Amino acid sequence: MHAHLRAARRLAGVLAIALPALLAACTADPPRPAPTSTADPAPAEADAARDELAALAAAAQDRHLTATYLLVTGDGPDRTITVTSANDGSWRVDVPGWGWGGTVDVSLAANGDGLFQCALPSPGRPGSASCVRLGDPDDALPRKLDPRVQHPFTDWLEVLTDRRAPLAVSPATAPTGATGDCYSVDTTSASLNAPLDVGIYCYRPDGTPAAVRAAFGTLRLAGEPGPAPATVSLAGPVVEGDPVGREAPEPTDSASTGTS
């Protein structure tokens with residue numbers, strides 16, 4: 001009899017210890033799986049590309065040189081663009097076959113005295129070169145006077161270095177025949193006045209612009225750049241007159257009328 005009582009007491013003690021643990025196991029939340037990362041790596045990659053391009057554009061702002069670029073537009077013969085970025089911050093870009101329906105070569109330049117367009121000796125305009133002042137050095141060109149090929153070497157560099165500019169940047173493949181680190185640039189703004197042309201921008205590690213593919217065509221560095229001058233020289237004297245536009249001027253009727 002005493003043996004049976006002792007066995008019953010032992011069983012009750014075991015149940016008293018085990019039952020709460022069993023109840024806790026039944027009512028506890030099931031173990032949750034370890035959290036997995038759902039972060040998209042694309043934003044980090046895009047930020048890195050934007051930082052890399054901004055650094056190269058900043059180097060380009062400090063890169064003073066004389067260089068030639070091949071301009072390919074697809075709607076005419078290839079042309080050689082001459083770019084001069086002087087040590088004092090002045091610049092000059094010569095654009096053959098731009099004015100008056102492709103018959104006049106022009107040169108754009110900016111220095112401490114202002115922004116200038118120079119008409120160069122060319123098939124549509126024989127004679128010596130002369131220049132017209134268009135405004136202050138930082139003034140924007142009217143569209144009818146804007147070849148656009150100068151922007152990648154001037155004001156668009158400021159946009160590329162500005163992290164507040166509405167741009168989306170990603171790595172890109174270099175255009176055919178071009179070298180350097182290339183980036184695709186798009187605008188994230190719905191404004192009609194985009195801060196620059198969307199396209200592909202390529203730079204050498206030292207900041208030398210290597211290639212640009214934009215709305216105006218494709219620019220590709222042709223040969224090694226040369227040293228920069230202390231300042232740019234205008235192609236000719238500054239005169240009073242009208243600048244050369246993109247479109248050819250209307251022909252004038254020089255025929256005289258008389259009476260019989």
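Ala 215 is exposed, with a relative accessible area of 68%, where exposed means over 50%, buried under 20% and partly exposed in between (1.4 Å probe, protein chains only). Ala 215 sits in the loop between β10 (209-214) and β11 (217-221); helices (H or I, at least four residues) and strands (E, at least two) are DSSP runs, numbered from the N terminus. The C-alpha atom of Ala 215 is separated by 9.7 Å from that of Val 149, 66 residues apart along the chain. The model is predicted, so local features need pLDDT of at least 70 and side-chain atom pairs count only at pLDDT 80 or more, while totals for chains, interfaces and linings use all residues. Residues are numbered from 1 along each chain as its sequence is written, and side-chain values use heavy atoms, with hydrogens and water left out.

The nonpolar cores are described next. A nonpolar core is taken as a set of buried Ala, Val, Leu, Ile, Met, Phe, Trp, Tyr and Cys residues joined through side-chain atoms within 4.5 Å. The largest nonpolar core has 42 residues, of which Ile 81 and Leu 160 touch the most other members. Helix α2 (residues 42-61) supplies the largest share of this core, five residues. Another core, of six residues, lies apart from it and includes Ala 178, Cys 182, Cys 202 and Ala 211. In soluble globular proteins, nonpolar side chains tend to be buried together. With residues up to four places away in sequence not counted, Ile 81 touches Ala 67, Thr 68, Tyr 69, Leu 71, Val 93, Asp 94, Val 95, Pro 96, Val 149 and Leu 219, a contact being heavy atoms within 4.5 Å.

Salt bridges were assigned where a side-chain nitrogen of Lys or Arg is within 4 Å of a carboxyl oxygen of Asp or Glu. The count comes to eight salt bridges. Asp 94, among the residues touched by Ile 81, forms a salt bridge with Arg 92, and their closest N and O atoms are 2.9 Å apart. Asp 94 counts as buried at 15% relative accessibility, and Arg 92 is buried with a relative accessible area of 19%. In the salt bridge of Asp 136 with Arg 133, the closest N and O atoms are 3.1 Å apart. Here Asp 136 is partly exposed at 42% relative accessibility, and Arg 133 is partly exposed with a relative accessible area of 41%. Arg 164 forms a salt bridge with Asp 162, with the closest N and O atoms 3.3 Å apart. Arg 164 is exposed, its relative accessible area being 75%, whereas Asp 162 is partly exposed at 27%. Salt bridges that share partners join Asp 146, Arg 148 and Asp 197 into one network.

Arg 148 is also a residue other than glycine with a positive phi, near 75°. Arg 148 is placed in the loop between β6 (130-135) and α4 and counts as partly exposed at 22% relative accessibility. Trp 100, likewise not a glycine, has a positive phi of about 50°. Trp 100 lies in helix α3 and is partly exposed at 28% relative accessibility.

Pockets were located on a 1 Å grid over the protein atoms alone, a pocket being an open set of points where a 1.4 Å probe fits, with protein on both sides within 12 Å along at least five of seven lines; lining residues have an atom within 4 Å of a point. Grid points are joined across faces, edges and corners, and a volume is the space filled by probe spheres set on the points.

The largest pocket holds about 980 Å³ of space. Of the 37 residues that line the largest pocket, Trp 91, His 151, Thr 154, Asp 155 and Trp 156 are the closest to its centre. Elements giving two or more residues to this lining are α2, β2 (79-85), β4 (104-111) and α4 (155-161), and α4 gives the most, with five residues. By class, the lining has 18 nonpolar, 10 polar and nine charged residues, where Ala, Val, Leu, Ile, Met, Phe, Trp, Tyr, Cys and Pro count as nonpolar, Asp, Glu, Lys and Arg as charged, and the others, Gly among them, as polar.

The second largest pocket has a volume of about 450 Å³. Its lining comprises 19 residues, of which Thr 73, Asp 75, Arg 79, Trp 98 and Arg 246 lie nearest its centre. The elements β3 (91-98) and α3 (99-102) each give two or more residues to this lining, and β3 gives the most, with three residues. The lining of the second largest pocket divides into eight nonpolar, five polar and six charged residues.
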